[in-house]
Amino acid sequence: MVCMVSRTGRQLQRYNKGRRLVVGCIPYRFTRNGVFEVLVVSSQKGHAMMFPKGGWELDESVEEAASRESLEEAGVLGIVQCELGNWRFKSKSQGIYHEGYMFPLLVTEQLSLWPEQNLRRRAWMSVEEASEVCQQWWMKEALERLVKRLNSSDIDKEAVISSSLS
C-alpha cells in the first residue's frame, strides 16, 4: 500500500555541520524501443523543472528517503541504485547551505495517483532535454554521472527494459 500524503515539517530533518541533508533521485527507464528517458518534476512554487528531492529524515535510511521523495513528488516506484555522489549547494529560496545526495531510480511503476499530483507536473524527457530544463547545477552533474555509468557498464539493457515496463 502506498502512502498518499507527503511528509511535512522539519522535526525529523537531518543536518551535518549546519547543512540540511537532502536526498534525490533521477528516475529513469528504457522504453520498448530501448530509448533512455528520465523523469523530471516541476517545483512546487514555480515552473522550474528538476529531479525529485527533499529532506532526509532521522527515521529513514538515505535510500528510503530517496525512494519516498520519488513517490511523493513524481508518483513513481522503483529500484534505488548506487549513489551518484553528494554535493554542497546554497538554496536559492532560503539562502542556506544544503548537502545533497543523488541516486538513480530504475522505475518499475508509474502511479496515476500520488501525494503531490496537484502541486507538480511530471514529464519524461531525453537526457538532453532534462539537462536543458533542469536549473540545478548539481542535479545536471548527477545526470552526467548516471549517463556515464550506464554507458560504461555491461548492463543487460533488455533485462532493464523488461523490468521497467509496467
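Biologist: Which residues are linked in a network of salt bridges?

Modeller: Before we start, remember that this is a predicted model. The structure holds eight salt bridges, and one pair among them is glutamate 72 with arginine 68, whose closest N and O atoms are 3.4 Å apart. Both of these residues take part in a network, and its members are Glu60, Arg68, Glu69 and Glu72.

Biologist: Why are glutamate 72 and arginine 68 separated by about one helical turn?

Modeller: Both residues sit in helix H1, which covers residues 62-74. Glutamate 72 is buried, and arginine 68 is buried as well. Their separation is about one helical turn because, along the helix, they are four residues apart.

Biologist: How far apart in sequence are the parts that the pair of arginine 19 and glutamate 99 ties together?

Modeller: The side chains of these two meet in a salt bridge, with 3.1 Å from N to O. Arginine 19 belongs to strand S2 (residues 19-30) and glutamate 99 to strand S8 (residues 97-110), so the bridge ties together parts whose distance in sequence is 80 residues.

Biologist: Is glutamate 99 buried or exposed?

Modeller: The cut-off for buried is a relative accessible area under 20%. Glutamate 99 has a relative accessible area of 3%, so the word for it is buried.

Biologist: Where is arginine 120, the residue that pairs with glutamate 73?

Modeller: The side chains of glutamate 73 and arginine 120 meet in a salt bridge at 3.2 Å, N to O. This pair links distant parts of the chain, 47 residues apart: glutamate 73 is in helix H1, while arginine 120 is in the loop between S8 and strand S9.

Biologist: What is the relative accessible area of arginine 120?

Modeller: Glutamate 73 is buried, with a relative accessible area of 5%. Arginine 120 is buried too, and its relative accessible area is 10%.

Biologist: Which residues is isoleucine 79 in contact with, leaving aside its neighbours within four places in sequence?

Modeller: Let's locate this residue: isoleucine 79 is in strand S6, residues 76-80. At 43% relative accessibility, isoleucine 79 counts as partly exposed. With neighbours within four places in sequence left aside, its contacts are Pro104, Leu105, Leu106 and Thr108.

Biologist: How far apart are the end C-alpha atoms of helix H3?

Modeller: Helix H3 has 16 residues, 137-152. At 1.5 Å a residue, H3 should span 22 Å. The model agrees with this, as the end C-alpha atoms are separated by 23 Å.

Biologist: Which residues are exposed on the other side of H3?

Modeller: Start with the buried residues of H3, which are Trp138, Met139, Ala142, Leu143, Leu146 and Leu150. They cover an arc of only 145° around the axis, so they are on the same side of H3. On the other side, the exposed residues are Lys148, Asn151 and Ser152.

Biologist: What pattern does the protein chain follow along the sequence?

Modeller: The protein chain has four helices and nine strands. Reading along the sequence gives their order, which is β-β-β-β-β-α-β-β-β-β-α-α-α.

Biologist: What percentage of the contacts between residues at least 6 apart in sequence join residues at least 24 apart?

Modeller: For the chain as a whole, 46% of the 166 residues count as buried. Its accessible surface comes to about 8900 Å², with 50% of that belonging to carbon and sulfur atoms. As for contacts between residues at least 6 apart in sequence, the share that joins residues at least 24 apart is 72%.

Definitions and conventions:
Residues are numbered from 1 along each chain as its sequence is written. This is a predicted model: local features need pLDDT of at least 70, side-chain atom pairs count only at pLDDT 80 or more; totals for chains, interfaces and linings use all residues. Side-chain values use heavy atoms; hydrogens and water are left out. A salt bridge is a side-chain nitrogen of Lys or Arg within 4 Å of a carboxyl oxygen of Asp or Glu. Helices (H or I, at least four residues) and strands (E, at least two) are DSSP runs, numbered from the N terminus. Buried means under 20% relative accessible area, exposed over 50%, partly exposed in between (1.4 Å probe, protein chains only). Contact means heavy atoms within 4.5 Å. The expected span of a helix is 1.5 Å times one less than its number of residues. The arc is that of the directions from the helix axis to the C-beta atoms. Accessible areas come from the Shrake-Rupley method with a 1.4 Å probe; for residues, only the protein chains shown count as cover.
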